[in-house]
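Please look at the sequence and the model first.

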Amino acid sequence: FSDISIKKLARMLNKYKTKKAAEFNQDLSRAKNELKEVMKKIAKVIQLVSESGITIDTVKDELKKFEGQKQLTEKRIEELNYKDNDSLITEDQIFDLIARSRQFVKTQNIPECRNFIESYIEQVIIHEEKVEVRFKIHVPDEETDTAVPLTSEKSITAIQTEFKKVV
């Protein structure tokens, strides 16, 4: 992963998180409005009972129904508030994940290396002076805003230098 690829990935993940946060806010707003409506209905039933001679069984059934809706809505709001505690993904967190995957190479953990390659690498292109890796992860192209594979390039000299450090 090059620094540019990591920055692009961090931007993409945070853009996705922002989109999900907006959806979350809409869900939370709807749930709060639903709770207000249920509370109004409960108040209306109580007012009707106090003003008229409706039987207690009818009132009990209606209040149980509204109490059930109220509890479900309150539970939904609680769940939504819990989900909102996620934080933005930083470039440092991505660097840390990459460092962990490099550890697989250093410790010669072949199953983990194979798993990483199968899960994330689409194609490796070896040029005369550089190596280009195309990942299965697609990110928005900043110029055209279309989804393109995340790519990383490194010179063969830089790869050789890093390999010597590992071995």
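## Basis

This is a predicted model, in which local features need pLDDT of at least 70 and side-chain atom pairs count only at pLDDT 80 or more, while totals for chains, interfaces and linings use all residues. Residues are numbered from 1 along each chain as its sequence is written, and side-chain values use heavy atoms, with hydrogens and water left out.

Helices (H or I, at least four residues) and strands (E, at least two) are DSSP runs, numbered from the N terminus.

Three strands make up an open antiparallel sheet, in the order 1-2-3. Two strands count as paired if DSSP finds at least two bridges between them. Strand 1 and strand 3 (147–155) are at the edges and have a single partner strand each, so one side of each lacks a neighbour in the sheet. From one strand to the next, the twist averages 25°. Helix 1 packs on the sheet, where it touches strand 2 and strand 3, and its direction makes about 5° with that of strand 2. Such angles run from 0 to 180 degrees between N-to-C directions, with axes as lines fitted to C-alpha atoms, for helices over the stretch in contact.

Strand 1 (residues 121–126) pairs with strand 2 (residues 130–140) over five bridges, in the antiparallel sense. The two strands form a hairpin, with three residues between them. Across this pairing, Gln 123 is opposite Arg 134, and Ile 126 is opposite Val 131.

## Nonpolar cores

A nonpolar core is a set of buried Ala, Val, Leu, Ile, Met, Phe, Trp, Tyr and Cys residues joined through side-chain atoms within 4.5 Å. The largest one has twelve residues, including Ile 6, Met 12, Ile 98, Val 131 and Phe 135. Helix 1 (3–51), helix 3 (91–106) and strand 2 each supply at least two residues of this core. Another core, of six residues, lies apart from it, with Phe 24, Leu 28, Ala 31 and Leu 80 among them.

## Two residues compared

Thr 73 belongs to helix 2 (residues 56–83). Thr 73 is buried, at 2% relative accessibility. Its side chain has a polar contact of 3.1 Å with that of Glu 34; the term means a pair of N or O atoms within 3.5 Å, where, within protein, one must be able to donate a hydrogen and the other to accept it, and residues adjacent in sequence count only if both atoms are side-chain atoms.

Lys 165 belongs to helix 5 (residues 156–166). Lys 165 is exposed, with a relative accessible area of 69%. Buried means under 20% relative accessible area, exposed over 50%, and partly exposed in between (1.4 Å probe, protein chains only).

Note on methods
Contact = heavy atoms within 4.5 Å.
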